[in-house]
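Subject: Structure handover

Hello,

Here is the structure I promised to pass on. Please open it first, then read my notes below.

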Amino acid sequence: MSLSRFKQTEVKKLWLDVKEAISGTERDFTETSMGRAIFILAVPMFLEMIMESVFAVVDIFFVSKLGADAIATVGITEGVMTVIYAIGSGLAVGTTALVSRRIGEKKKEEAGNTAFQSILVGLIVSLLIAVPGILFAKPFLRAMGGSETMINDHYFFPAIIFGGNMVVMLLFIINAVFRSSGDAAVSMRVLWFANIINIILDPILIFGWGPIPAMGLKGAAIATTTGRGLAVIYQFYLLSGGKHRITLYWNHLKPKIQVMYKVLKISAGGIMQNLIATSSWILLLRIIAVAGPEALAGYTLAIRIIIFPLLPAWGISNAASTLVGQNLGAKQPGRAEKSVWITGYVNMAYMLIAGILLAVFPDFWIGLFTSESAVVENGVLALRIISIGFVFYALGMVMMQGFNGSGDTMTPTKINFLSFWLLEIPLAYFLAITLNMGLTGACLSIVIAESILALIALFLFRKGKWKLREV
């Protein structure tokens, strides 16, 4: 075969794989070649998170037009929302471990039953968060060091976002059901739908359009909650249609305490590891707030920009979690381990390129959102420092997802506790406040903690105890 003919054949194969990845597949990932399995799962997961990244950037772009207080309100609210994301992600971790294992064992009926019990747990948890979130929005902003303008004019933003946390919880859990079963393309379509609605509604509700009055920051909260809510309705429609690997039948729609307990037991580690990580971000926000609203606003913009490449990297790492669970269910631990190594190499290469682009051109990225010199200066500083550690972030997240996919959620929890609570926060306080390094010290603590996390996770993953986990 000539070289040109070979290239044409390979391009055609690649296109067919991309088409299959985006449109959906019935492929058995425990039997497909490892490279192709990772590719077909990772492409929709990557694209799913690309859209989430686009929304995060577009959202803060519109909000940034409302001034530093509005940006800081979003930053503080999102910092605490990470706790809700942590709980939702933790429940998604337990859901992924159980559903993927049942799929690998070829037990689709049990997988569907597990899916509904996970949804039920998510509903109960979200109600416990919504009520205090609505009632204590103002005290929350005051406790986080918010200005009087933030407390009196922007309190509706955290009230709406916290009050509508149920849609966030269900998005996490149900998309985990689809991804872990192998229907990653469905999760991608759901999140694209949610965020396209968000992007359309954002400028309309923030700035007004025709008969719709300008609502400012409140409009941003309503747009986000509406988009996510419509996406959850779409998820339930897909789950009840009978056209995907997981279908909810009437006999699933009743509480089963034993299954709910198993979901909670495995999810507990996932929730704790995420709470440890995200609570450290909240404490970092409080430390950075000492430097003033400009530093906090600059940091918020930098984090939103960093999320743009970071979320797709999480999408890639999710492929490792699904493949570990399914292959352990199929009694193929060697394939499970290989999937993590290959996914890790891919993720590191991607994040290396992203880190270089952000570190070399930070002024350009921050300048897209604001022209306030003090905010730009702080944003550039944060972006340049944090992006240095991107390769370590990429490795660490894949290793951690490998543990989670096996059902071993406690190992990542212990690693997070050591890296974030025992290292990152004390180090941030020492550098930022004791040594008066401010935002620079806080950002350096992030890079150091995440790098050590990756090295510890790599060491423990190589020991291989996760392969013996039964769920």
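In which helix is Ile287 found? Ile287 sits in helix 11. Helices here are DSSP runs of H or I with at least four residues, numbered from the N terminus.

Some ground rules. This is a predicted model, in which local features need pLDDT of at least 70 and side-chain atom pairs count only at pLDDT 80 or more, while totals for chains, interfaces and linings use all residues. Residues are numbered from 1 along each chain as its sequence is written, and side-chain values use heavy atoms, with hydrogens and water left out.

**Ile287**

Ile287 is buried, at 11% relative accessible area. Buried means under 20% (1.4 Å probe, protein chains only). Leaving aside neighbours within four places in sequence, Ile287 is in contact with Ile425, Ala428, Tyr429, Ala432 and Ile433. Contact means heavy atoms within 4.5 Å. Ala442 is 155 residues from Ile287 in sequence, but their C-alpha atoms are 7.7 Å apart.

**Helices 11 and 18**

The axes of helix 11 (residues 257-289) and helix 18 (residues 438-463) come within 9 Å and cross at roughly 160°. Axes are lines fitted to C-alpha atoms over the stretch in contact, with angles from 0 to 180 degrees between N-to-C directions. The two helices are therefore roughly antiparallel, a term for angles over 145 degrees. Trp281, Leu284 and Ile288 of helix 11 meet Leu439, Ala442, Ser445 and Ile446 of helix 18. By class, that contact has six nonpolar, one polar and no charged residues. Ala, Val, Leu, Ile, Met, Phe, Trp, Tyr, Cys and Pro count as nonpolar; Asp, Glu, Lys and Arg as charged; the others, Gly among them, as polar.

**Helices 7 and 10**

The axes of helix 7 and helix 10 come within 8 Å and cross at roughly 10°. This pair is therefore roughly parallel, meaning an angle under 35 degrees. The buried residues of helix 7 (residues 156-163) are Phe157, Pro158, Ala159, Ile161 and Phe162. Their cover includes helix 3, helix 4, helix 5, helix 8 and helix 10.

**The core**

Which residues touch the most other members of the largest nonpolar core? Tyr299 and Tyr393 do, in a core of 120 residues. Such a core is a set of buried Ala, Val, Leu, Ile, Met, Phe, Trp, Tyr and Cys residues joined through side-chain atoms within 4.5 Å. Helix 12 (residues 293-329) gives the largest share, 15 residues.

Best wishes

Technical notes. Angles under 35 degrees count as roughly parallel, over 145 as roughly antiparallel, 65 to 115 as roughly perpendicular and the rest as oblique. Buried means under 20% relative accessible area, exposed over 50%, partly exposed in between (1.4 Å probe, protein chains only).
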